[in-house]
Amino acid sequence: MKASPLQTWYRKLAARLGRRSTTAPQGPPRIGVILSAGGSRGIYAHTGFLLALEQMGIPVSAIAGCSAGAVVGGIAASGTDMKVWADAIRHVKQEEFWTPDPVRQVIWSMVRNRGIGFTGLSDTAAGTDFFRRNLTAQTFEDCRYPLYIMAINLDRSEKVVFSHGELAPRMMASAAMPILYKPVNIDGSYYSDGALIELAPVDNICCKHGLDALIVHQIGQHFGRKGDMSEVLRQPWSLLEIINRLLFHQRPWYLSNEELGFKFCRCGCGAAVVVLEPQLPDLHWPHTEGGSQVLEVARQKTEALLRPHLEALLSDPRQRLPVPPAGLQAEQSHDAGRCATDQ
Ligand SMILES: [Zn+2]
């Protein structure tokens, strides 16, 4: 249920006056989930994370995701049993999501044809079909709670947040990493991976759905990573590491590099933001061997990190979660009003 404009205004006003919360919770708190980008490792990790929430009885009122987070968020919101999905990704074959053009065709396109019309190594039909087969509902409208998926509209060169229409192509668009995948055509426009603009669409659901807490599951990226490029050039997919360095040179406001952090929503609405940045085993794209281990470690870490705060989270997260008071002031001092209340 959406918070009324009066409720939202009152919460923001009280939060700006330095109060943590405005109203005593009526009924169970509303908790939203943000799932970040994270490649194939992210697919397994987010699945483990959602399984842990389910096991701890943490209800989800809305999800927003980008790239890997859009895929797992879409599957979960559609109503698919996460255990069934976990089984599907344990057994997924590479050709079900990665179908690169033959090398000869790529060379022909790049050298003889001067790259005309070449937009990516792999088509997206197999991945889209894999999502369709694993979705329980096929549209945003039929999901069991609101879902938001972020991508880039290449025609307009801007971020878009999908919340209507068919799920599978929009999940694929959000996950279509440039160079690796061809952009996805939806209703005549081309879309690519939203991670190029924003890793996790944190500002998309908070005030819009009157949430009391947001749990962000951020799959590790090394922000501001420096180091010898010659080492990178000896590793698989050196090209991706170059893109990573371009993307992740600036840390988003909600990250702290701690495995567990607490903040308040920066719009001043008083919602608590719980950020999980778990250290997980490596899993290089597009490999899936080792995915089960990532899933299991993510599940265990989520449970270990959240269990001590479970009672606070399920009773009155605005008041009872250990958000540093200084954080409240700092977050209010800049970028106020960034929540997507008017969408
Ligand atoms: Zn907010």
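Of the contacts in the protein between residues at least 6 apart in sequence, 76% join residues at least 24 apart; two residues are in contact if their C-beta atoms, placed from the backbone, lie within 7 Å. This is a predicted model, in which local features need pLDDT of at least 70 and side-chain atom pairs count only at pLDDT 80 or more, while totals for chains, interfaces and linings use all residues. Residues are numbered from 1 along each chain as its sequence is written.

The protein has 13 helices and 12 strands, taken as DSSP runs numbered from the N terminus (helices H or I, at least four residues; strands E, at least two). Of its 343 residues, 41% are buried. A residue is called buried if 20 or more other C-beta atoms lie within 10 Å of its own, exposed if 12 or fewer, and partly exposed in between, with C-beta atoms placed from the backbone.

Val-273 belongs to strand E12, residues 272-276. Five of the five residues of E12 are buried, so the strand is largely enclosed by the rest of the structure. Ala-272, Val-274 and Leu-276 point one way from E12, and Val-273 and Val-275 the other.

Which strands pair with E12? Strand E10, residues 213-217, runs parallel to E12 and is joined to it by five bridges, with His-217 opposite Leu-276. Strand E11, residues 260-264, pairs with E12 in the antiparallel sense, also over five bridges, and here Gly-261 stands opposite Val-275. Pairing requires that DSSP find at least two bridges between two strands.

In H4, residues 82-90, the buried residues are Met-82, Trp-85 and Ile-89. Seen down the axis of H4, they fall within an arc of 55°, so they line one face of the helix; the arc is that of the directions from the helix axis to the C-beta atoms. On the other side of H4, Lys-83, Val-84 and Asp-87 are exposed. The buried residues of H4 pack against H2, H3, H6 and H10. In H3, 10 of the 10 residues are buried, and Gly-79, whose phi is positive, near 105°, follows that helix.
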